Each structure stands twice: as C-alpha cells, then as structure tokens.
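Please keep the sequence and the 3D view open while reading.

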Amino acid sequence: MASRHDREHQMSQTDGRDNHTPKDDNLRGTFVSVLLLGAFITAAWFGVFLLFINRG
Amino acid sequence: MHIHRLEKIWIVIGTLMLVVFLIAVGIGAFVMDDHPPGHSKGIKLDPEKVYETPPFDNPRLEKIGENEYNAYIVAYVYGYSPNNIEIPVGATVHFYVTSADVVHGFAIPGTNVNMMAVPGEVNELTYTFDEPAEYLLLCNEYCGVGHEYMATKIIVKG
Amino acid sequence: MHGKSDSKLALWHILVAYVALALGGVAGLLQGLVRGGLIELPYGIGYYQLLTAHGVLMALVFTTFFIIGFLYAGMVRTTGPLLNTVNRIAWIGFLMMVVGTVLGVILVLLNKATVLYTFYAPMKASPWFYIALVLIVVGSWCALAAIVSQLRYWKRTNKGKMSPLFAFMSATTMILWFVATLGVAATVLLQFIPWSFGWVDKINVMISRTLFWYFGHPLVYFWLLPAYMCWYVILPKIIGGKMFSESMARLAFVLFLIFSVPVGFHHQLMEPGISPTWKYVQVVLTFLVVVPSLMTAFSMFATFELYGRSKGAKGLFGWLKKLPYGDARFLLPFVGMLLFIPAGAGGIINASNQMNAVVHNTLWVTGHFHITVATTVAMTFFGVTFWLIPHLTGRTFTKKLNRMGILLTIVWSLGMVIMSGAMHIVGLFGAPRRTAYTTYFDHPTALSWLNYETVMAIGGVILFIGIIILVASIVMLLRAPKGTEEFPIAEVHENAGSVPAVLDKWGIWIVILVVLILIAYTVPFSDMLGSGYGSKPWVTW
C-alpha cells in the first residue's frame, strides 16, 4: 500500500511540482519567457558592444 | 519569505548576465585603458580666460610623434577652433576639448568620439582614424539658436 | 466611499495631466514635422522653445500630476477617505504645482526659458522659470506629506495590520521622489536662483549638472513605479486572477528605493570632472537597479500563467490565449509591458560605461525615453484612466469607451514603434538629439539620416492621431452614463506565502539608501566642491 509520502512524491513528479517546496506552482511558461527576455537583452547588448569595439 | 524555485534560478541567471556585462566593460575600461572620456588629471581653467590659458591660447593640431597628434580644441557658440582639421590616415589623435561659453557636445558620427565640452573643464579622449574620409564633427548638446549649425570637419587623408 | 473633495482632488490632477499631454503633443507634432524636413515653423516659433515646452509638459507636468492623482485615488480606495488635514495639504500642493506650471509655460512661450527641461548651466533662463520649478517641486512635497500622513493614520487605527499594498507602494514612491528632488531643489535654490537674479556672479557647472542628474535618474523610477503599481496591484484583478507574490512585489519596491538614486553618473559618463573609477562604481549600482525589474518581469508572467492555468490552459504558453485582450483596461498596460522589453534592454546598453559613447546625445536616447516613459508608462496610465475617471465621477466604462481604448492601444503603439524604432537606428548612425532640422551644409553623413527623420515624422503624426483619440476618450469618459466603476485591487494568490515585517517599513531602507548615496557621491562631489571656476550667465537664444 503506497504511503501518503509516496503518493505526494508521485504527484510532484507528474505535475511539475518541486520536491523541496511542495507549494510551487507550474511556472515553466514564465521561466521560458524570462529566459527569452534575457536572451533578447544579451543579444541587443552584444550588438552594440560589437559596434563599439568595431568603431574603436 | 517564500521565493519560487524558478524565480530564484531566474534572478541568478539575470544577475550573472549583468555581471558578464560589467566585467566586459570593466576590463575594457581598467585593463585595456578604454575608459569613458574625462580628464583624469582634473585640470580646471577659468572659462572667462580660456583664450589666455595654455594650450587653448593657441588652439591647434600639434604633431607629437610618427603619426600621433594632440588636438587642443575650443568649442564655442557655434563652432570649433581650430576647424577643418586635417590628419593623415592611421593617425592617433589625443583630443583635449573645452568650451568658451556653454556646454557643447563633441561628436564624430560613425566613431566612438563622443564627449562633452564643459566650460572650466578639459575633456580628453584618444582616437585612431583608420579609415580615410571627411568626418563630420558636430555639437550634440543643445547650446542655443545656432545649435543645428555647429559643426566642422575632420579630414582624414588616405 | 469617496468624499466628493477627495474624488475631485484626484480627478483634477488627472485632467491637468491630460491638458499638459495635449499641449505637449502639439509641440511634439510640430517638432517631428520640422525635423522630418516637412514643414517650417510659423509665426517665428522657435524649435527649441517647442522642445523645452514638450519636455517640461510631458516629462514633468503630465507625469507628476497623473501620478499624484492616481496615488491619491488609490490611497482613498485602500485606506479610506482622506483626513481633513491630508485633504487640505493635498489641495495646497495641487495649487502650487498648477501655479508653477502656468508660470513656467508662460516663460517658455515668451522665449525667456529656452533651456530645455534639463536647463543646463551656464545657459540662464529668467529667474521666474526657476521659481516656477520650485513651486512644482515643493507642491509635490505636499503630496508626499499627504500620503505619508494618511498612511500613518491608517496604521495607527489598524494596529498590527500590514499596510495595504497600494498604500505601501505609494509611500515608497513618494519617499523616493522626495530624496531625489532634494538634488534638483538644492541646485535650483542654492545655485540657479541667486545666479539668475544676479546676486551671485558665477555658477559651478559640474556641481549643477551632478545635482540635476542625482535627481534625473530616480525621476524615471518615479514614473515607472506607479506603472508597476498598476501591473502588480490592479491588473491581476482586471484579468480575474490573483497577485503572484506580495512579498516579491514589496521587495522589488524597496530595492528600487535603495538603488534608484546613487546612480546619476550614468547620465554623465561622457563628461569631464568625474574620474573613471567613480563613473564605474555608479554603473555597477545602476546594474543593481535592473534586478527588481527582472523580478517584476517574472511576477507579471507568473500572474498571467497562474491565471491561465487556473482556466485550464495547457502547454508552455497556452495561458497567453486566456488573457482578456479585448479589455482596454488590460490591453493598454499589457502592450506597455511588452514594449518594455526593448525599452529596458536599451537602458542597460545606455548605462554600460564606455559603451555609452555609441549612443550619448544621439537620437537613440530620444528613442529610448519615448519607448519607456512615453510608451510603457504612458500606455499603463491611459489604461488606468479608462476606469479611474468613471470611478471618480460616478460613471461607467462603457463598451464604446472600451473600443476607443483598443483603438488607442493600436494607434499609440504603432506610432511609437515606428518613431522610436527609427530614432534608435538613426541614433546608432550618430544623428544628434535636441537638434532642429539641418543637413550640416549638405554633409553626406547628415543627408544619410534624412529618410529616418521622415519616418520619425510619420510616427509622430500617428501619435498625434493617438492624442486626438485620447482627448476624445477623456471627453467621453467625463460624459459617460452614470453608475459605479470599481477601482480594481487584486487579492494575493494562496501559495504566495507570508510577508516579512521588514517589507512594511521604511526606516532601514532609507538608512541603506543614504549610505549608498554617501558611498557613491561623497568623494567625487567633494572633489567638485573643492575646485573649479564658475561660469557667468549665457543667454544663447
């Protein structure tokens, strides 16, 4: 018979909940969105950086 | 205080990104000596006496080496002295710029030459002109009704 | 429930803000057409006069009046009717700001203050222009006193309870504003006014610039924080969801409080008189103030995702489809948020020490602040206006008004993307900002900019159409059918967790702020105090 602990563990594996903070919701879309934001900032920054180096 | 695991990761990633930028410009500035313009020697001069204070008592381009020059330039409403400066291609120029009146800009589009000419202060930057062209040197800080006419040329002969 | 005077107070601030925006918009249209080489100015109007009017009306008057009105309305909504003394201080502040604004605008129109909204020394305007600025700033300090007093009273009568989030954020914003305006007040009162009256011969230019930019950077956070308040506290309610985390929202705000001020040098990176070391120190501090915005991005996406998933959305981005794009109260701030992506990226570039040489004083900077304050912040404020005016006047936000709001979203964002986009590009090619139409005697470099400047003009015309839609909307809002319109305040998500007490206090954060200011400014500023020659006045217009 599966213990309550095992059942919670199973739940956390199937719906993306974090083991350490069982209250964390599924925010994978958020995470990817902010990573895209970071990528945009990085790309823009390096674009101007390269322009600066090139002109220097 | 509860912080979502993914938010913690994001904050770390975001901060790392910013640190990378800071290291890049930090190395550029303090290791490669490519710091923002600004005379580190802190020379001050009386703006009312600018034309009596060396080297601006004789604004000029001065050859100091093989292909190396000092340019002592006064910005004023609405021009630069000297103007139409001619240099050979590959020349390294140390610009020393001040203003005889209000704050002006000192900018050469297409290059990294871009700094403020402030009365009472001497601003400085060094640039090597690798491409021949007739560069536009213009004022990009509003200085009065003639601001949009304040410009001259840096003629790099190749 | 609002006392009638409280509602009027907030409403009049907002209406003055929009009068300023409309006038500033006329100036902006003319500027764009001139710079695009399409018209010449009639009746001897000066380009730089228009530019001064545009900057002052948009960046100082529209923003300050709207923000204070919005904050008052939210204070009433969350802490109850304003105390009599609070209400009175607030009206006094309003009158002072109006008198200052009118005085300032008259002087600009008379060509006695053609110094642009940054009024850099040693250009000298009429002393009454600086007095006008003092009236506006001191008037705004009355708003600080009002909001802080009101919150204090609420805390005394609600012992042991955490401040309502909107009230906490309002107080934080006004405290930041006060600390920031000390700089501009110091330079105006101690330098510009005596000098422009002739009581003092010379002015130290570097000190005046440094005091101005000590104020000038937190100024933009004074604009941004109320927009963030809409995003954090109001938008979740509008979409039918909940706030993601009250703690993270409060943490973001206290981080803004401590990091927004000690960073003014990133506006002075191309200047002499400040060592490369201190410029870099303030660049590092500037990058720290990016962090609470990165946190805000996460909170916003999280709020939307939690809501979307609660409505059954699946997959990585299914929640995007669940958002109420047909509701202008959501769409206007949402588009503002999206455009904050390039806006914020540009800001990080601007602050990057020696890299600033690529963009300093070019039209890129103009593109930057149009996509930040004139898009993200302005569109958020427009989105608030569509429900706030009916809320304050006992009317309703109708379907017709909603359609106006959607139309405004499209027109405004289109105009800004076109105009600001062209500005960013032509700025990278070195085209200067704050400059009237010129080809620098037909220099090829300047000629290469003309097409972009024409595109800028087209964007400007589209924006002016936006202003017309906006003004029409406000008239319609003031005449909308009677009823009640809610002031939406979000509840917090169940999983958000508790808020630590330190995030409902200001003492510790103000101490940290002061320490950071002292670290960032003491050495370079005392260098300036101890040396340098002053400049006599110049009137170059």
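The centres of domain 1 of chain C and domain 2 of chain C, taken over C-alpha atoms, are 19 Å apart. The domain assignment gives residues 1-239 of chain C to domain 1 and residues 324-485 of chain C to domain 2. Such bounds come from an automatic or database domain assignment. In the contact between them, domain 1 of chain C supplies 33 residues and domain 2 of chain C supplies 33 residues. Two residues are in contact if their C-beta atoms, placed from the backbone, lie within 7 Å.

Which elements give two or more residues to the side of domain 1 of chain C that touches domain 2 of chain C? They are α1 (4-35), α2 (47-79) and α6 (205-239) of chain C. Helices (H or I, at least four residues) and strands (E, at least two) are DSSP runs, numbered from the N terminus. On this side of domain 1 of chain C, α1(C) gives the most, with 13 residues. By class, the side has 25 nonpolar residues, seven polar and one charged. Here Ala, Val, Leu, Ile, Met, Phe, Trp, Tyr, Cys and Pro count as nonpolar, Asp, Glu, Lys and Arg as charged, and the others, Gly among them, as polar.

This is a predicted model: local features need pLDDT of at least 70, side-chain atom pairs count only at pLDDT 80 or more, and totals for chains, interfaces and linings use all residues. Residues are numbered from 1 along each chain as its sequence is written, while chains are lettered from A and ligands numbered from 1 in the order in which they are written.

**Confidence**

The model scores ipTM 0.97 and pTM 0.95. Chain C has an average pLDDT of 97, and 100% of its residues score at least 70. pLDDT is the predictor's confidence in each residue, from 0 to 100. For chain A the mean pLDDT is 75, and 59% of the residues reach 70 or more. Residues 1-22 of chain A have a pLDDT below 50; this stretch has 15 contacts in the model beyond near neighbours in sequence.

α2(C) has 33 residues. Its first and last C-alpha atoms are 46 Å apart, close to the 48 Å expected at 1.5 Å a residue. The expected span is 1.5 Å times one less than the number of residues. α2(C) bends by about 35° at Leu57(C). The bend at a residue is the angle between axes fitted to the seven residues ending there and the seven starting there. Is α2(C) mostly covered or uncovered? It is mostly covered, with 33 of its 33 residues buried. A residue is buried if 20 or more other C-beta atoms lie within 10 Å of its own, exposed if 12 or fewer, and partly exposed in between; C-beta atoms are placed from the backbone. Just after α2(C), Gly80(C) has a positive phi of about 95°.

Helix α10 of chain C covers residues 328-350. Its 23 residues should span 33 Å at 1.5 Å a residue, and the end C-alpha atoms are 32 Å apart, which agrees. α10(C) has a kink of about 35° at Phe340(C), shortly before the proline Pro342(C). Of the 23 residues of α10(C), 20 are buried, so this helix is largely enclosed by the rest of the structure.

**Two single residues**

Ile508(C) sits in helix α15 (residues 507-529) of chain C. Why does Ile508(C) count as exposed? Because 11 C-beta neighbours lie inside 10 Å. Lys155(C) is in helix α4 (residues 127-156) of chain C. Lys155(C) has 16 C-beta neighbours inside 10 Å, so it counts as partly exposed.

| Pair | Apart in sequence | C-alpha to C-alpha |
|---|---|---|
| Ile508(C) and Pro333(C) | 175 residues | 32 Å |
| Lys155(C) and Phe244(C) | 89 residues | 25 Å |

The domain assignment of chain B gives domain 1 (1-35) and domain 2 (47-157). Their C-alpha centres lie 35 Å apart.

Chain C puts 59 residues in contact with 57 residues of chain B. Elements giving two or more residues to this side of chain C are α6, α8 (276-288), α9 (291-310) and α13 (444-447) of chain C. The largest share, five residues, comes from α8(C). The side of chain C that touches chain B has 33 nonpolar, 21 polar and five charged residues.

Chain A has 15 residues in contact with 14 residues of chain B. That side of chain A divides into seven nonpolar, five polar and three charged residues. Chain A has two helices and zero strands, and buried residues make up 21% of its 56 residues.
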